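Please keep the sequence and the coordinates open while reading.

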Amino acid sequence: MSNLREITIEEVEKHSSEGDLWVIIDTLVYDLSKFYKMHPGGMGVLLDPRVAGKDATTAFFSLHRAEVLAKPAYKRLIVGSLPKSISTGPKLLPPKHDELSKVPYGEAMWLGDGYSSAYHNESHRRFQKAVRGFMREVVLPDAMACEENGKRASQKVFDALAEKNIIAMRFGPGPHLKGLKLMDGVIQPEEFDFFHESILTYELGRLGTRGYFDGLLAGGVIGLPPILNYGSPAIKAKIIPEVFQAKKFICLAITEAFAGSDVSGLQASAELVTEEDGKKYWVVTGTKKWITNGTYADYFTTGVRTGENGFTVMVIPRGDGVETKAIKTSYSSTAGTAYVTFDRVKVPVENTLGEVGKGMKVILQNFNHERWMMNCISAGSMRLVVEECLKWSNQRFVFGKPLVSQPVIRHKLANMIARVEAVQSWLENITYQMTQMSHKEQSDKLAGQIALLKMFITRSGQQTAEDAAQIFGGRSLTQTGMGRIIENYRRTAAFDAILGGVEDVLGDLGVRQAMKHMPPNVRL
Ligand code: HEM
């Protein structure tokens, strides 16, 4: 930008007509002579005498997100900049990809300038910076496109995730990370803990594209653990590398239209048959509904009835008799939500995960991790929404005053900030406990905490979505433009109150867990 031709305000003013149209935005001079006919906001607004040939910075930033100007197609419209004698250059550029927000409460406190943390160290900071940069540069453009067109995340992004070993990291700390180069070596596998994992998910949440987040392997994050924990050595050796390298995709297929997630009512069933050559197979018939990533999964970690009351988990590869159909939901079909049909599918008995009839144990093992992951994403997206509302309330002028000068707006902001900080602190505390406990201890001591936090986060998220919509007004209804993040959040915040266990059930679980630990001899 430093080599730009210097153009005076007087010279810009000479270009103020149809076919010869310049404007100044943030000290840069844009030639809109051809673009004005394609301008999504129409030609008239650009030809207005208050805009054509003038400094249109204030008008521009009250109608567009700063990211518009960062697009290469629009950068090409720049023909010069105001002389150095009157300007020190652009001040309103969008932040660099890995840059932290300077907006108060725009980042978790541990990332704030001058704040410290009892839980985070230098490796978390290095990791956060690398992940933020990667997410904004590589993932965000794909996320925005896919939210709109409903396609699954591009293979280019999956390959990039695999290259940084982000897919492997989504399964938390553990032996599966041994020997891997994490985020180009920014941290060592031995350093990786639940805080690193929470950063990864939180940063995905900060993209503000909820359907895409689920499309970006949320199904895999719940579908692979039964294989990691219960797969035979042969199954593990085949499927785990395929999934980590994004060559194949896996999902979890439990819920059914007949019974939702009430496992006792599931109807999909499997019968054991022995072929003439002595090989044993399950023959699986049934349907599954609401299966995240199912439309493009190659493997289905599936729960089926085996015998009278037995429930068994097995991994079913896509093949003869397996069909998937996209289900339309209120978030983007980029999530790959599917209705799955198994029609007499032959599954080798070696694909059984865990003991026959003990499927509940296999499924339950991962519930806490799934809900904790959802807490991380909800906290990340809530933080982004708070940041957006603070920015908007500050920059938006109504009746001659900034929006934030209205006490009712400040009241909403205060509640939003209080909620996101409460959520953050509880999440960090639980994450710390996870770093200190064995898996068994986590199941015993944290199942209730995680469930109650999820109930609290999703309730807070929905209140925050309502407040944000009031602050953004009509802009919160449009999927593009200034309010695009609020629109997405308002439409999808309630999803987290359903997926992974509905709010009421989780609240109930939290209290039941507490009662389990209640000593028998306590009295008022
Ligand atoms: C480099 C110059 C400009 C570019 C590249 C540009 C680009 C765009 C784009 C991409 C949109 C669609 C926004 C969205 O929904 O995502 C838009 C909308 C709009 N633009 Fe521009 N624009 C420019 C300058 C201006 C200026 C100077 C004005 C001055 C008034 C203006 C007024 C509008 C209006 C009124 C809308 C509709 C906003 C809405 O639907 O809420 N634009 N512009």
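## Basis of the model

The model is predicted, so that local features need pLDDT of at least 70 and side-chain atom pairs count only at pLDDT 80 or more, whereas totals for chains, interfaces and linings use all residues. Residues are numbered from 1 along each chain as its sequence is written, and side-chain values use heavy atoms, with hydrogens and water left out.

## The iron site

The iron atom of the ligand has H39 and H64 as its protein donors, each through NE2, at 1.9 to 2.0 Å; donors are N, O and S atoms within 2.8 Å of the metal (3.2 Å for Na, K and Ca), and sites may look incomplete, water not being among the atoms. The two histidines come from distant parts of the chain, 25 residues apart, with H39 in the loop between β3 (28-31) and α2 (44-47) and H64 in the loop between α3 (57-61) and α4 (67-70). Helices (H or I, at least four residues) and strands (E, at least two) are DSSP runs, numbered from the N terminus.

The site has 6 donor atoms with angles of 84 to 177 degrees among them and is octahedral, a label given to six donors if opposite ones are over 155 degrees apart and all others between 65 and 115. H39 is buried, at a relative accessible area of 13%, where buried means under 20%, exposed over 50% and partly exposed in between (1.4 Å probe, protein chains only).

## Helix α9

Helix α9 covers residues 194-205, and its end C-alpha atoms lie 16 Å apart, which agrees with the 16 Å that its 12 residues should span at 1.5 Å a residue; the expected span is 1.5 Å times one less than the number of residues. At the start of the helix, a side-chain oxygen of D193 comes within 2.9 Å of the backbone nitrogen of F195.

## Cysteines

How many disulfides does a search of the whole structure find? The search finds 0, a disulfide being a pair of cysteine sulfur atoms within 2.5 Å. C376 is buried at a relative accessible area of 0%, and C389 is likewise buried at 0%.

T312, in strand β9 (residues 311-317), is buried with a relative accessible area of 0%. Its side chain makes a polar contact of 2.5 Å with the side chain of T306; such a contact is a pair of N or O atoms within 3.5 Å, where within protein one must be able to donate a hydrogen and the other to accept it, and residues adjacent in sequence count only if both atoms are side-chain atoms. Beyond four places in sequence, T312 touches residues including V304, T352 and E355, contact meaning heavy atoms within 4.5 Å.

N165 lies in the loop between α7 (155-163) and α8, is buried at 9%, and, leaving aside neighbours within four places, contacts L180, K181, L182 and Q245. G483, in the loop between α17 and α18 (484-492), is buried at 0% relative accessibility and, with the neighbours within four places in sequence set aside, is in contact with F472, R475, S476 and T478.

How values were computed
Tetrahedral: all angles 85-135°; square planar, octahedral: opposite > 155°, others 65-115°.
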